[in-house]
Amino acid sequence: MAASVARDVLMRQFRDVQRGTRRLLELIPPERLDWAPHPGMFTLRQLAGHLATIGGQTASGIVLGVWERPHVPEELTRDQALERLEASVTRTEELLAQLSDAEFERREIQMPWGVTMTVARAVAALIEHDIHHRTQLFLYLRELGLEVTSHTLFG
Ligand code: NI
């Protein structure tokens, strides 16, 4: 079977995005986990927990058809978020590795919000979602006075 360029590019981008996420999670001041910029927005803990688990949860939906309900424990620590991120990245890669290149590029799946898309497009949507929340975390940390820059993400 021919190697899938689209698959390689998407999976590499997924891993690259997680590396930046990991660097931001490491900078979270543990004493500020309950902080949020505005009432009703994610707290730092909720945001960290969401970023740390969404990959594996989404891969479960994409590959197994089991869409897990996101849940962030109220006492989640920064180190636990980092552990969860590692587990989530591994789980995402292991689940998606179960698919052939043809399935990855062409299998149609139903997303929880009702639209149908290929696995490749769903992985692109997962990455887009990760980048959205990673930018949110970046701004939270800036707001708290930490010296995060594009070098933090890409350096
Ligand atoms: Ni989200």
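**Confidence, fold and helix packing of the predicted model**

The protein averages a pLDDT of 95, and 99% of the residues score at least 70, where pLDDT is the predictor's confidence in each residue, from 0 to 100. The structure is a predicted model, in which local features need pLDDT of at least 70 and side-chain atom pairs count only at pLDDT 80 or more, while totals for chains, interfaces and linings use all residues. Residues are numbered from 1 along each chain as its sequence is written. Where pLDDT is low, predicted coordinates should not be read in detail.

The protein comprises 6 helices and 2 strands, both taken as DSSP runs numbered from the N terminus (helices: H or I, at least four residues; strands: E, at least two). From the N terminus on, the order of these elements is α-α-α-α-β-β-α-α. The radius of gyration of the protein is 16 Å, which agrees with the value near 15 Å that a compact globule of 155 residues would have; this radius is taken over C-alpha atoms, and the globule rule is 2.2 Å times the number of residues to the power 0.38. Along the principal axes, the C-alpha atoms fill a box of roughly 50 × 35 × 25 Å. Of the 155 residues, 28% count as buried, a residue being buried if 20 or more other C-beta atoms lie within 10 Å of its own, exposed if 12 or fewer, and partly exposed in between, with C-beta atoms placed from the backbone. Of the contacts with a separation of 6 or more, 70% are between residues 24 or more positions apart, two residues being in contact if their C-beta atoms, placed from the backbone, lie within 7 Å.

Two helix pairs were examined. The axes of helix H2 (residues 44–64) and H5 come within 10 Å and cross at roughly 175 degrees, the axes being lines fitted to C-alpha atoms, for helices over the stretch in contact, with angles that run from 0 to 180 degrees between N-to-C directions. H2 and H5 are therefore roughly antiparallel to each other (angles under 35 degrees count as roughly parallel, over 145 as roughly antiparallel, 65 to 115 as roughly perpendicular and the rest as oblique). The contact involves, among others, Leu47, Leu51, Ile54 and Ile62 of H2 and Ala122, Leu126, His133 and Leu137 of H5. Its residues divide into 10 nonpolar, 6 polar and 2 charged, where Ala, Val, Leu, Ile, Met, Phe, Trp, Tyr, Cys and Pro count as nonpolar, Asp, Glu, Lys and Arg as charged, and the others, Gly among them, as polar.

Helix H1 (residues 5–27) packs with H3 at an angle of about 175 degrees, with the axes 10 Å apart, which makes H1 roughly antiparallel to H3. Here Phe14, Gln18, Thr21, Arg22, Leu25 and Glu26 in H1 meet Arg78, Ala81, Leu82, Leu85, Val89 and Thr92 in H3, and the residues of this contact divide into 6 nonpolar, 3 polar and 3 charged.

Individual positions complete the description. Glutamate 86, in helix H3 (residues 78–97), counts as exposed because it has 12 C-beta neighbours inside 10 Å; its C-alpha atom is separated by 10.0 Å from that of arginine 19, 67 residues apart along the chain. Leucine 141, in helix H5, counts as buried with 20 C-beta neighbours inside 10 Å, and touches Leu24, Leu27, Leu146 and Val148, not counting residues up to four places away in sequence. Glycine 65, found in the loop between H2 and H3, counts as exposed with 9 C-beta neighbours inside 10 Å; glycine 65 and glutamine 110 are 45 residues apart in sequence and 8.5 Å apart in space, C-alpha to C-alpha.
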